[in-house]
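Below is a set of questions and answers on one protein model. Each answer works towards the value or name asked for.

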Amino acid sequence: MHSHIQGLGRVMVFLAAALASASLTIPEGWGEEGVQYGQLGTDVTLSCIGARTGSLVQWRRDGAMALPEGSAIHQGALVLPHASLAAAGTYSCHDENGSLLHAVSLQLGHLPGVPSVSCRASDYENFSCSWTSSLETFLPTRYITTYRKKSLTGEEKRRNKSGHVGPCLQDPARSGTCTVHRSEFWSSYRLNITEVNPLGSSFRLLDVTMQAIIKPDPPEGLVVEPVPLAPRRLHVSWKYPASWPKEPHFQLRFRLQYRPVIHRSWSVVETVNLSEVITDAFAGLEHVVQVSAKDFLDAGNWSEWSAEARATPVRDPATMVSEETTTDVSLGSLAEEPSQAPNPEPINRSDPLENTAILVSLGIFAFFVLAAVLVIAILIWLRVRKHSKDETKAHNFLVAATHLKALPRTQILP
């Protein structure tokens, strides 16, 4: 129970700080002088300032005698029941002689709705929040943007038990955004975005953790170049986004996506370097490449993809000669009758280095196979030889025994 009361007290302190900020930063008036605001769907009363008590007055709308349906005059005041947007306009009251006593511009709208808020950190030192109104109010609207640091050190708790409260600074050049500067990467914050219009206010509280909202800007300076004498290779390089301070303990990792322009599916590789060599490009085909970034320790989200860069690997010299010899014939046949059938011959995507590696692998494999066959043959030969020797010994023993049995007993016994 005590923890609930304490939590409620913190929220009240936070709201009080926000309201104090509102009183300091928001002017008292809304719009020009002589404007009255009313809530749609409610009864709106317009007073005739300057009229004598009990005197007859006339009301006009935009200079005409016609007033909205259902309107009534009560003690000199004009009452508009269940006012709609059509009832907005400039109203004026006049005395019996038609002289102008008072004029007022009526604007109608809704109370503010709860704003939708999202936050993002493009580096580990600052974070920004943006918001949109959840309801079209038809009235001038302003926003109060503050924050409170939730994770406090022991010293901070002793200095300020309610937590550090400060403004989330709004950027006049970018409406609907504010920034908290010098934020701490391992701390949590509570944002208060309050929407205010002449009828009232509404707020949204959002808890923010830097590790969860960090999302770097896309890498910059993407360059793709063909590698000389390498038909299947492209060299790709890029730079850190300018908004990310490059510090030893806050690095980025990257992912690279690439494909031939004529293909739809992407190939993706990840790296911690600022360059990469694509080794499976298609010779002679233009490729499109993009790169994105993320915190090295996997905090937050991947950045958006960078702008595209394009390059074409060098063509394979072995295939260029054969292609040149068939160019004239192919162009002639295409001029006679264009064919919609696909080319049945496969594209030569082989790399001389890969072919050499395959041949070496096959040679080593063949060597081991032959060695294994030779060893097996030797073992079989040794076993057969040993078996033949055993049979010869047994045969000689039987022959000797038979000979002894055939001799007379007198020859056997001395």
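Accessible areas here come from the Shrake-Rupley method with a 1.4 Å probe. The model is a predicted one.

Q: What share of the accessible surface of the protein belongs to carbon and sulfur atoms?
A: The accessible surface of the protein comes to about 26,600 Å². The part of this area that belongs to carbon and sulfur atoms is 58%.

Q: How many helices and strands does the protein have, and what percentage of its residues count as buried?
A: The protein has six helices and 22 strands. A residue is buried when its relative accessible area is under 20%. Among the 414 residues of the protein, the share that counts as buried is 30%.

Q: What percentage of the contacts with a separation of 6 or more comes from residues 24 or more positions apart?
A: A contact requires heavy atoms within 4.5 Å. Taking the contacts in the protein with a separation of 6 or more, residues 24 or more positions apart account for 65%.

Q: In the open sheet of four strands, which strands stand at the edges?
A: The strand order in this open sheet is 1-7-6-3, with mixed pairing.

Q: Which residue of strand 7 is the bridge partner of G89?
A: Strand 6 (residues 89-94) and strand 7 (residues 100-109) run antiparallel and are joined by six bridges. G89 has its bridge partner in strand 7, and that partner is L106.

Q: Why is strand 14 described as largely enclosed, and how many of its residues are buried?
A: Strand 14 covers residues 188-197. S188, R190, N192, T194 and V196 point one way from the strand, Y189, L191, I193, E195 and N197 point the other way, and all are buried. Strand 14 is therefore largely enclosed by the rest of the structure, the buried count being ten of the ten residues.

Q: Which residue of strand 14 is the bridge partner of Y147?
A: Strand 10 (residues 142-149) runs antiparallel to strand 14, and eight bridges join them. The bridge partner of Y147 in strand 14 is L191.

Q: Is Q75 buried or exposed?
A: Q75 sits in the loop between strand 4 (72-74) and strand 5 (77-80). Its phi is near 55°, a positive value in a residue other than glycine. With a relative accessible area of 77%, Q75 is exposed.

Q: What is the phi value of L229?
A: L229 lies in the loop between strand 16 (220-226) and strand 17 (234-239). L229 is exposed, with a relative accessible area of 84%. Phi of L229 is positive, in a residue other than glycine, and is near 60°.

Q: How many residues apart in sequence are the parts tied together by R120 and D217?
A: The side chains of R120 and D217 meet in a salt bridge (2.6 Å, N to O). R120 lies in strand 8 (residues 116-120) and D217 in the loop between helix 3 (210-213) and strand 16, so the pair ties together parts whose separation in residues is 97.

Q: Which residues do salt bridges with shared partners join into one network?
A: D298 and R253 meet through their side chains in a salt bridge (2.5 Å, N to O). The pair links distant parts of the chain, with D298 in the loop between strand 21 (287-295) and strand 22 (309-311) and R253 in strand 18 (residues 252-260). Salt bridges that share partners form one network of R253, E270, K294 and D298.

Q: What is the accessible area of the nonpolar surface patch that includes L382?
A: L382 is found in helix 5 (residues 352-406) and is partly exposed, with a relative accessible area of 42%. The patch is formed by L374, V375, I378, L379, W381 and L382. Together they have an accessible area of about 610 Å².

How values were computed. Residues are numbered from 1 along each chain as its sequence is written. This is a predicted model: local features need pLDDT of at least 70, side-chain atom pairs count only at pLDDT 80 or more; totals for chains, interfaces and linings use all residues. Side-chain values use heavy atoms; hydrogens and water are left out. Patches are made of residues with over 30% relative accessible area and no salt bridge: like charges are joined within 9 Å, nonpolar side chains (Val, Leu, Ile, Met, Phe, Trp, Tyr) within 5 Å. A salt bridge is a side-chain nitrogen of Lys or Arg within 4 Å of a carboxyl oxygen of Asp or Glu. Helices (H or I, at least four residues) and strands (E, at least two) are DSSP runs, numbered from the N terminus. Buried means under 20% relative accessible area, exposed over 50%, partly exposed in between (1.4 Å probe, protein chains only). Two strands pair if DSSP finds at least two bridges between them.
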